[in-house]
Amino acid sequence: MYIFHNHGEAGGESLPHPHSQLAVVPDFVKLEIAPISFSKQEEDSQEAEHFQIFSPLASEWPDEVWILPKAADVFFAEITDAEIKDLAKILYRLIQIFDLRHGHEFPFNFYISPHQGWYLRIVPRLKNLGGFEIGTGVSVNTQDPRENHCFH
């Protein structure tokens, strides 16, 4: 199972409106979504009641933000009502910040890692991939993640 959201044409929107989807992926298709490892010393981060919010130093996209639950080694399906409320507040605030920085209809995606030890990754789609990125699969982020204004 894979949960994701598309917003805007540049965000890969295949329907004419923003939408979230839950996709069932057959077992024989291997998803290459690595479990996250997070160190406060390596990341610019903020804390909420139930979550750590950060922009990885090796982020792939400008203004990329990850939300990691403080409860370790749980599945997204195990999220509590208190965690849902906290996550909703975080997402609402991040979208407000992105709206102010990039306009109301900025393109973005998010996905929820399906692993035990889940996380949510938000990717504003503010750049087009270049030939180097497409050809090598190596991402080039032109913004220093320490300058992610979602945290300042």
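Visitor: What makes the meeting of the Arg121 and Glu60 side chains a polar contact?

Guide: The value given for this pair is 3.5 Å. A polar contact needs N or O atoms within 3.5 Å, one able to donate a hydrogen and the other to accept it; residues adjacent in sequence count only if both atoms are side-chain atoms. So the pair Arg121 and Glu60 qualifies. One caution: this is a predicted model, where local features need pLDDT of at least 70, side-chain atom pairs count only at pLDDT 80 or more, and totals for chains, interfaces and linings use all residues. Residues are numbered from 1 along each chain as its sequence is written, and side-chain values use heavy atoms, with hydrogens and water left out.

Visitor: Why is Arg121 called buried?

Guide: Arg121 has a relative accessible area of 8%. Buried means under 20%, exposed over 50%, partly exposed in between (1.4 Å probe, protein chains only). Therefore Arg121 is buried. Arg121 sits in strand 7 (strands are DSSP runs of E, at least two residues; helices are H or I, at least four; both are numbered from the N terminus).

Visitor: What makes Glu64 and Arg121 a salt bridge?

Guide: The closest N and O atoms of Glu64 and Arg121 are 2.9 Å apart. The rule asks for a side-chain nitrogen of Lys or Arg within 4 Å of a carboxyl oxygen of Asp or Glu, so the pair passes. Glu64 lies in the loop between strand 4 and strand 5, and Arg121 lies 57 residues away in strand 7. Shared partners join Glu60, Glu64 and Arg121 into one network of salt bridges.

Visitor: How many salt bridges are there by this rule?

Guide: The count is 4. One of them joins Asp63 and Arg101, at 2.5 Å from N to O. Asp63 is in the loop between strand 4 and strand 5 and Arg101 is in helix 1, so the pair ties together parts 38 residues apart in sequence.

Visitor: Are Asp63 and Arg101 buried or partly exposed?

Guide: Asp63 has a relative accessible area of 2%, so Asp63 is buried. Arg101 has 32%, so Arg101 is partly exposed.

Visitor: Why is the pair of Phe51 and Trp118 called edge-to-face?

Guide: Rings of Phe, Tyr and Trp (its six-membered ring) pair if their centres lie within 6.5 Å; planes under 30 degrees apart are stacked, over 60 edge-to-face, the rest tilted. The Phe51 and Trp118 centres are 6.0 Å apart and the planes stand at 70°, so the pair is edge-to-face. Phe51 is in strand 4, and Trp118 is in the loop between strand 6 and strand 7.

Visitor: What angle and distance describe Phe76 and Trp118?

Guide: This pair is edge-to-face too, with 80° between the planes and 4.9 Å centre to centre.

Visitor: How do you know whether Phe76 is buried or partly exposed?

Guide: Phe76 has 27% relative accessibility, so Phe76 counts as partly exposed. Trp118 has 2%, so Trp118 counts as buried.

Visitor: Which residues touch the most other members of the largest nonpolar core?

Guide: They are Phe51, Ile67, Ile90, Leu94, Trp118, Leu120 and Ile122, in a core of 18 residues. A nonpolar core is a set of buried Ala, Val, Leu, Ile, Met, Phe, Trp, Tyr and Cys residues joined through side-chain atoms within 4.5 Å. Helix 1 gives the most to this core, with 4 residues.
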